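Please read them beside the sequence and the model.

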Amino acid sequence: MWRTELVEPTAPGGARGDGVDVPVPGPWCDRCGVDAAAGPHAACAAARALEPPRYCTHCRRRMKVQVLPVGWSAVCVEHGEVRG
């Protein structure tokens, strides 16, 4: 199982108000690009066990994905890179 590492984005100054930068969750499904609250995404969750994300969860943009033998990286032009 791959471990997903969020490289960017983080909330500047800390979303918790303690000055620590933490990842900010977004409203979009990272596989299909549909509103994550619109319904169950069981098929997306099952597919994500084997695939990298395809859409940015923050802005719904399609990401540039590169799959390597040692993992993958997905880059949003606005919000940065996610690795796994």
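1. Burial overall. The protein chain has 84 residues, and 27% of them count as buried (under 20% relative accessible area; exposed is over 50% and partly exposed lies in between, with a 1.4 Å probe and protein chains only). The accessible surface comes to about 5500 Å², of which carbon and sulfur atoms hold 55%; such areas come from the Shrake-Rupley method with a 1.4 Å probe, and for residues only the protein chains shown count as cover.

2. Basis of the values. This is a predicted model, in which local features need pLDDT of at least 70 and side-chain atom pairs count only at pLDDT 80 or more, while totals for chains, interfaces and linings use all residues. Residues are numbered from 1 along each chain as its sequence is written, and side-chain values use heavy atoms, with hydrogens and water left out.

3. Confidence. The mean pLDDT of the protein chain is 78, and 70% of its residues reach 70 or more (pLDDT is the predictor's confidence in each residue, from 0 to 100).

4. Layout. The chain has 1 helix and 4 strands, in the order β-α-β-β-β from the N terminus. Both kinds of element are DSSP runs numbered from the N terminus: helices are H or I with at least four residues, strands are E with at least two. Of the contacts with a separation of 6 or more, 34% are between residues 24 or more positions apart.

5. Core. Which residues form the largest nonpolar core? The members are Cys56, Met63, Trp72, Ala74, Cys76 and Val82, and β3 gives the most, with 3 residues. Such a core is a set of buried Ala, Val, Leu, Ile, Met, Phe, Trp, Tyr and Cys residues joined through side-chain atoms within 4.5 Å. Not counting residues up to four places away in sequence, cysteine 76 touches Cys56, Cys59, Arg61 and Met63.

6. Serine 73. This residue is in strand β3 (residues 71-76). Serine 73 is buried because its relative accessible area is 12%. Leaving aside neighbours within four places in sequence, serine 73 is in contact with Lys64, Val65 and Gln66, and also with Glu81, Val82 and Arg83.

7. Aspartate 30. Aspartate 30 and threonine 57 are 27 residues apart in sequence, but their C-alpha atoms are 5.3 Å apart. Beyond four places in sequence, the contacts of aspartate 30 are Arg48, Pro53, Arg54, Tyr55 and Thr57.

8. Arginine 60. The loop between α1 (42-48) and β2 holds arginine 60, which has a positive phi of about 70° although it is not a glycine. Most residues other than glycine have a negative phi. With a relative accessible area of 41%, arginine 60 is partly exposed.

9. Glutamate 78. In the loop between β3 and β4 (80-83) lies glutamate 78, which is exposed because its relative accessible area is 52%. Its C-alpha atom is 9.2 Å from that of histidine 58, 20 residues apart along the chain.

10. Rings. Arginine 62 lies over the face of tyrosine 55, at 5.2 Å from the ring centre (a charge sits over a ring if NZ of Lys or CZ of Arg is within 6 Å of the ring centre and within 35 degrees of the ring normal).

Methods:
Contact means heavy atoms within 4.5 Å.
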